[in-house]
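Subject: Structure handover

Hello,

I am passing this structure on to you. Please look through it first; my notes on what was found follow below.

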Amino acid sequence: MGLASSFFFSSNDSEKQTLYRRVTPTEAQFDAQTTRWNELAEYLLSDLKSTTGYPTRSWLQGSYKFGTQVRPPSKFGEFDIDLGIYFEWEGNPDAAGYDPSELQGLVQDCL
């Protein structure tokens with residue numbers, strides 16, 4: 001397995017064409033994704049707070065956050081980034097005046 005392992009990952013040569021290098025997003029792709037999800041989060045949080053009057057926050061989750069993201073098979077493919085949006089209010093869940101499907105609809109409309 002010693003020789004075959006070099007086809008999967010190389011700690012000595014980051015430019016070597018290994019499976020890991022071929023499926024892992026590049027630094028430029030990570031930077032572009034970070035910019036995009038930050039801009040999206042800022043827009044959503046501002047718009048949804050304005051619409052509902054409730055404070056909102058976001059939380060990055062999924063493969064991007066955990067560093068397990070895989071590059072799309074096509075050079076023109078899109079990455080999947082999971083951005084959680086949370087509405088905050090005092091009291092029980094019914095105190096908001098929105099049910100979960102209404103909040104989901106507000107997020108969808110905002111997108």
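A place to start is I85, which, leaving aside its neighbours within four places in sequence, is in contact with L44, L45, L48, R57 and S58. I85 is found in strand β2. Its relative accessible area is 18%, and the cut-off for buried is under 20%, so I85 counts as buried. From I85 to V107 there are 22 residues in sequence, and the C-alpha to C-alpha distance between them is 8.3 Å.

Please keep in mind that this is a predicted model. Mean pLDDT for the protein chain is 84, with 85% of its residues at 70 or more. Confidence is lowest in helix α1 (residues 2–5), where the mean is 62, and highest in α5, where it is 94.

Overall layout

The protein chain contains five helices and two strands. Along the sequence they follow the pattern α-α-α-β-α-β-α. The chain has 111 residues, of which 23% count as buried. Among contacts in the chain with a separation of 6 or more, 57% are between residues 24 or more positions apart. The chain exposes about 8,200 Å², and 53% of that is supplied by carbon and sulfur atoms.

Helix α5

V107, mentioned above, belongs to helix α5 (residues 100–110), where L103, L106, V107 and C110 are buried. Seen down the axis of α5, the buried residues fall within an arc of 95 degrees, so they line one face of the helix. What do these buried residues pack against? The buried residues of α5 pack against α3 (27–52) and β2 (82–87). Exposed residues Q104, Q108 and D109 are carried on the face of α5 that is turned away from its buried side.

The largest pocket

The largest pocket holds about 510 Å³ of space. It is lined by 21 residues, and those closest to its centre are Q33, R36, F79, D80 and I81. Which of the elements supplies the largest share? That is α3, with seven residues.

Regards

Note on methods:
Residues are numbered from 1 along each chain as its sequence is written. This is a predicted model: local features need pLDDT of at least 70, side-chain atom pairs count only at pLDDT 80 or more; totals for chains, interfaces and linings use all residues. Side-chain values use heavy atoms; hydrogens and water are left out. Buried means under 20% relative accessible area, exposed over 50%, partly exposed in between (1.4 Å probe, protein chains only). Helices (H or I, at least four residues) and strands (E, at least two) are DSSP runs, numbered from the N terminus. The arc is that of the directions from the helix axis to the C-beta atoms. Contact means heavy atoms within 4.5 Å. pLDDT is the predictor's confidence in each residue, from 0 to 100. Accessible areas come from the Shrake-Rupley method with a 1.4 Å probe; for residues, only the protein chains shown count as cover. On a 1 Å grid over the protein atoms alone, a cavity is a set of points where a 1.4 Å probe fits but cannot get out, and a pocket is an open set with protein on both sides within 12 Å along at least five of seven lines; lining residues have an atom within 4 Å of a point. Grid points are joined across faces, edges and corners, and a volume is the space filled by probe spheres set on the points.
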